[in-house]
Each structure stands twice: as C-alpha cells, then as structure tokens.
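Please examine the structure below with attention to its nonpolar surface and its aromatic rings.

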Amino acid sequence: MRDHPQGASAPHDDVWTGRATNRYQWLLALVGAACLALGIELAVDSAWTSGIAPLAMAVVGCIAAGLLVLFGTLAFVHVALKVDEEHLEVRCGHMGLPRRRIPLSLVAGAEVAHVTPRHWGGWGYRWRPEKGTAVVVRRGEGVRLSLWDGHTFTITVDDAEAAVQIIRDRLRPHTHGAAH
C-alpha cells in the first residue's frame with residue numbers, strides 16, 4: 001500500500017489507499033499470547049492434585065481467553081482503506097478481515113471526523129444505534145460516510161482530508177448535483 005503525506009493533494013490515481021495503525025494493540029496481543037501459554041502450561045505441567053474438573057476449566061478458560069484476546073487484537077492492529085472509481089473497501093488486520101466493500105453509488109457524502117475509541121465503546125468494528133458503524137483502531141482523524149439509506153460508516157485513517165476529497169470527487173458523477 002502507498003502512504004500519502006499529510007496535507008498532500010495528489011492527482012487522482014485509479015486507486016487511492018490509506019491506513020491507520022495502533023501499535024498499542026500489540027501489547028494486548030502479548031497479553032493474549034501469555035494467557036494462551038498459561039493454559040498450555042497448566043495442561044502439560046500440572047500435578048492434577050485438585051481434580052480434573054477445576055484444572056480442565058482453568059485450562060479451557062486460559063486458552064479461550066488467550067485466543068479471543070490474541071486474534072481479536074491482531075484483527076484491529078491496523079485498518080486499510082482503498083477507494084477506486086466504483087467502490088470503497090475497508091480491510092482490518094493482517095488478513096484483511098473483517099472487510100467491508102461499499103459501492104460509491106450508495107454514498108451520499110463524506111466528511112472528516114475526529115474519532116475516539118471512548119465514544120465508540122473501544123477499538124474494533126463497532127456499532128452504536130445513535131452513531132452508526134465504525135472501524136476504530138486508534139484515536140484521531142477519520143472519514144465519516146453518509147449513506148443514502150440514512151446510515152453512517154466511520155473509518156479511522158491517516159490523511160482523512162485527502163480521502164474525503166477523493167471520495168467527494170468520485171461521488172460527483174453518481175449524485176446528480178446533490179450537495180456534499
């Protein structure tokens with residue numbers, strides 16, 4: 001992916017890409033890996049003196065918590081935004097999942113938004129009835145899309161102003177003179 005310098009208004013390429021990263025998520029991933037390792041250690045090296053049921057619950061609990069935290073945080077270490085002539089695509093984490101692809105014909109407008117995990121209930125793929133849907137990987141600038149069906153979709157991304165400008169420019173042929 002190509003990074004865009006802050007404030008640069010590059011000529012329209014066929015595809016614009018941007019991303020946002022949260023390095024602190026790696027610390028949570030380490031916590032998940034530690035829980036997973038503890039569960040494995042309990043299963044392999046336990047003396048089994050307190051009975052099988054408590055030990056099995058501890059092992060399963062540690063492994064389950066470790067996997068949830070590890071994969072849940074790795075999925076939202078970064079988010080990538082790609083805008084081409086027809087679609088906007090959001091991919092999360094190293095595997096690109098979850099992924100959402102929105103046809104630009106469904107987008108009514110775009111604006112720069114200040115995104116805070118606290119207002120969305122944390123990091124990740126979030127939904128709040130009064131705010132819409134968001135992919136939040138860090139605090140800071142983002143893009144808020146207004147969709148024709150009345151919903152909103154917000155994405156944290158570096159150089160949100162350039163992303164909004166690209167999206168607005170590509171919406172003009174689709175919106176038939178509607179205001180942005």
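Y24 is found in the loop that joins β1 (16-21) to α1; helices (H or I, at least four residues) and strands (E, at least two) are DSSP runs, numbered from the N terminus. The model is predicted, so local features need pLDDT of at least 70 and side-chain atom pairs count only at pLDDT 80 or more, while totals for chains, interfaces and linings use all residues. Residues are numbered from 1 along each chain as its sequence is written, and side-chain values use heavy atoms, with hydrogens and water left out.

Y24 is exposed, at a relative accessible area of 62% (buried means under 20%, exposed over 50%, partly exposed in between, with a 1.4 Å probe and protein chains only). Together with L27, L28, L30, V31, V69 and W123, Y24 makes a nonpolar surface patch of about 680 Å². Such a patch consists of residues with over 30% relative accessible area and no salt bridge, the nonpolar side chains (Val, Leu, Ile, Met, Phe, Trp, Tyr) being joined within 5 Å. A salt bridge is a side-chain nitrogen of Lys or Arg within 4 Å of a carboxyl oxygen of Asp or Glu. Helix α1 (residues 25-45) gives the largest share of the patch, four residues.

The structure also holds one aromatic pair. The ring centres of Y125 and F153 are 6.3 Å apart and the planes stand at 45 degrees, so the pair is tilted (centres within 6.5 Å; planes under 30 degrees apart count as stacked, over 60 as edge-to-face, the rest as tilted). F153 is buried, with a relative accessible area of 0%, whereas Y125 is partly exposed at 34%.

Notes: Patches are made of residues with over 30% relative accessible area and no salt bridge: like charges are joined within 9 Å, nonpolar side chains (Val, Leu, Ile, Met, Phe, Trp, Tyr) within 5 Å. Accessible areas come from the Shrake-Rupley method with a 1.4 Å probe; for residues, only the protein chains shown count as cover. Rings of Phe, Tyr and Trp (its six-membered ring) pair if their centres lie within 6.5 Å; planes under 30 degrees apart count as stacked, over 60 as edge-to-face and the rest as tilted.
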